[in-house]
Amino acid sequence: MNGKRLIVRVLLGAVVPLAILVVWHLASAGSVVVPSIGAVLDVLLHPLREPPALDATSLASGALISVLRVVCGFGLAALTAVPIGIGVGRSDTVRRLLAPTMAAAMVISPIAWIPVAIIAFGLSSPATAIYGDEAWRYGLLDQVRFAIVAVIWLGAFFPIALNAAAGARGVRDIYIEAARVLGASRRQVLSKIILPGAAPAIVTGLRVGGGIAWRVIIAAEIFPGTRGGLGYMIATAHEQASYEYAFASIIVIGAIGLALDGALRLAARRVSRWQPKER
Amino acid sequence: MAGDAGVIRFEAVSKRYQTPARGEVWALRHLDLLCPAEQLTCVLGPSGCGKTTLLRLAAGLEPPTAGRIGVDGQTVTGPQPGVGLVSQEGALLPWRRVIDDVALGLEISGVSRAERRARGRQAIARVHLPPTVERSLPHELSGGMRQRVALARALCPGPRILLMDEPFASVDEPTRHHLQNELLQVWQTDGQTILFVTHNVEEAVYLADRLIVMTFGRTVADLPVPLPRPRDRLAPAFVDTLLAVRRTFTKHALAGPAAD
């Protein structure tokens, strides 16, 4: 790419963010609801500061709690959905057993499960499971509430499982037979043929699932009864009219979401290198 | 089956499929076939006559409905060591680089990476591919190159038996002639037993020691090809044999299935 084209590309990409900043600046003048860009920037530049007017921890701590919850829920979803998806994709019996339930469950918004998950798990966390009444001493571990992890798992599970199923089903039998004739065991067929063949679809599922997990966590944290995390900070900032914290949280949510998607996009590119580019 | 080393033997083999559209279909019917050790036997037949099924059964990818198949002295109950298969499409793994695909059989057997590389390179050289292709992906290769890689992959573990399912059907004629000569070179050096399936009469006459004509799931003719090697496609003896085989093939291919 030559220099001129690069400049045009960067400028084009900057048009919308700059327009948003201008509108934001104009909207914040004299407003008590829309904070100034400077006030939000101040919060972002002091991520460890405890918000004086809020019953919430710092922005950095909130982000850490949200990320930790997503890592647990999304990790659990990936660990369960990939093998189940491959089973659905390669076995008629597993498909007949699970496909109708999965088809019905996937259309239900994961947010609808939040009350159910709170009833099922209450305020329990790994800390309450291990340390009981002393759980509060293990703050970060206590923030990984089972209810929230379950809701994230539900949100991320179906796109990952369905993509893994489609990927596994798409692996042609001739590849499997080529490996079998060369002496491959069932485990080798799985590791050397089905998994690499389905990898691009699996990573696409992880990208979609990761995006949903990150959206669901914010909704789950805004839900009454939850404490800690960026969603909780938005809800609290709204109640206390400290809108600069709400705006700063939204920007951090966007940045972390972008980083998560970027990492998964890199992974997708890596595992899809072998696919010829469609023109 | 003592003394059957290197031999492929079909004894009254039948294979039935249940299809949604056509119901019960017999791909093979009471088929007897013998491929002697170290010979190149061609099975010649029209599309749909059961040639591919024959190879799949010999490779142990499917069980017969009835009868018995012996390969290299063993009754076939599944894929067995020492047998290589090259299919019409090549079945190269799209995500593997050529060197890794060629050495797949060695990797499955737990051979070290260094030895896999060395033997993979040897196999690539044997099928006359330049060393530069070893880092290529299958979609970056021409049809002829892909079939050479498929042959290299089958040869790499050093099989005694080679099953070939119309491996050169999808390449142009000059490339097909090159590939046939390369196969003959490998076979004359290694002495594998080759069961080569094709619907191309000229290819069968050029390659085979023995030629078996198959229609409607049965063998209908067993013809020796007593032409000296290397064979000249324009020599009168070759043309005479070709015409004779073509007459036999056409007669049987046009006739309906024999009653049971």
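## Chain A: contacts and overall build

In chain A, 70% of the contacts with a separation of 6 or more join residues 24 or more positions apart. This is a predicted model. Buried residues make up 39% of the 279 residues in chain A.

Chain A holds twelve helices and zero strands. Its pattern along the sequence is α-α-α-α-α-α-α-α-α-α-α-α. The C-alpha trace of chain A spans about 75 × 65 × 30 Å along its principal axes.

## The largest nonpolar core

The largest nonpolar core has 139 residues. Four of them touch the most other members: A:V151, A:I152, A:A164 and B:A58. Helix α8 of chain A, residues 146–169, gives the most to this core, with 18 residues. Chain B contributes too: at least three residues come from each of its domain 1 (1–82 + 159–260) and domain 2 (93–158).

## A:A117 in helix α5 of chain A

A:A117 sits in helix α5 of chain A, residues 114–121. Is A:A117 buried or exposed? It is buried, because 22 other C-beta atoms lie within 10 Å and the cut-off is 20 or more.

Beyond residues up to four places away in sequence, A:A117 touches A:A147, A:A150 and A:V151. A:A117 and A:V151 are 34 residues apart in sequence, yet 6.8 Å apart in space, C-alpha to C-alpha. A:V151 is also one of the core residues that touch the most other members.

## The four-stranded sheet of chain B

Chain B has an open sheet of four strands in the order β2-β1-β4-β5, with antiparallel pairing. Its edge strands are β2 (23–35) and β5 (74–75), each pairing on one side only. Helix α1 of chain B, residues 51–58, packs on the sheet and touches β1, β2 and β4 of chain B. The direction of α1 makes about 115 degrees with that of β1(B).

Strands β1 (residues 8–19) and β4 (residues 66–71) of chain B run antiparallel and are joined by five bridges. B:S14 stands opposite B:A66 in β4(B).

## Helix α5 of chain B

Helix α5 of chain B covers residues 143–155.

α5(B) is mostly covered, with eleven of its 13 residues buried. The buried residues include B:R146, B:Q147, B:R148 and B:R153. Also buried are B:M145, B:V149, B:A150, B:L151, B:A152, B:A154 and B:L155. Which elements cover them? Among them are the chain B strands β6 (83–86) and β7 (161–165). The cover also includes the chain B helices α2 (98–102), α3 (104–108), α4 (113–126) and α6 (173–190).

## B:I194 in strand β8 of chain B

B:I194 is found in strand β8 of chain B, residues 193–198. B:I194 is buried, because 27 other C-beta atoms lie within 10 Å and the cut-off is 20 or more.

Setting aside neighbours within four places in sequence, B:I194 is in contact with B:L40, B:T41, B:L162, B:M164 and B:W187. B:F10 is 184 residues from B:I194 in sequence and 15 Å from it in space, C-alpha to C-alpha.

Methods: Residues numbered from 1 in each chain as written. Chains lettered and ligands numbered in written order. Predicted model: local features only at pLDDT ≥ 70, side-chain atom pairs only at ≥ 80, totals over all residues. Core = buried A, V, L, I, M, F, W, Y, C linked by C-beta atoms within 7 Å. Buried ≥ 20, exposed ≤ 12 C-beta atoms within 10 Å, placed from the backbone. Helix = DSSP H or I, 4+ residues; strand = E, 2+ residues; numbered from the N terminus. Domains from an automatic or database assignment. Pairing = 2+ DSSP bridges. Contact = placed C-beta atoms within 7 Å. Axes fitted to C-alpha atoms, helices over the stretch in contact; angles between N-to-C directions. Expected span 1.5 Å × (residues − 1).
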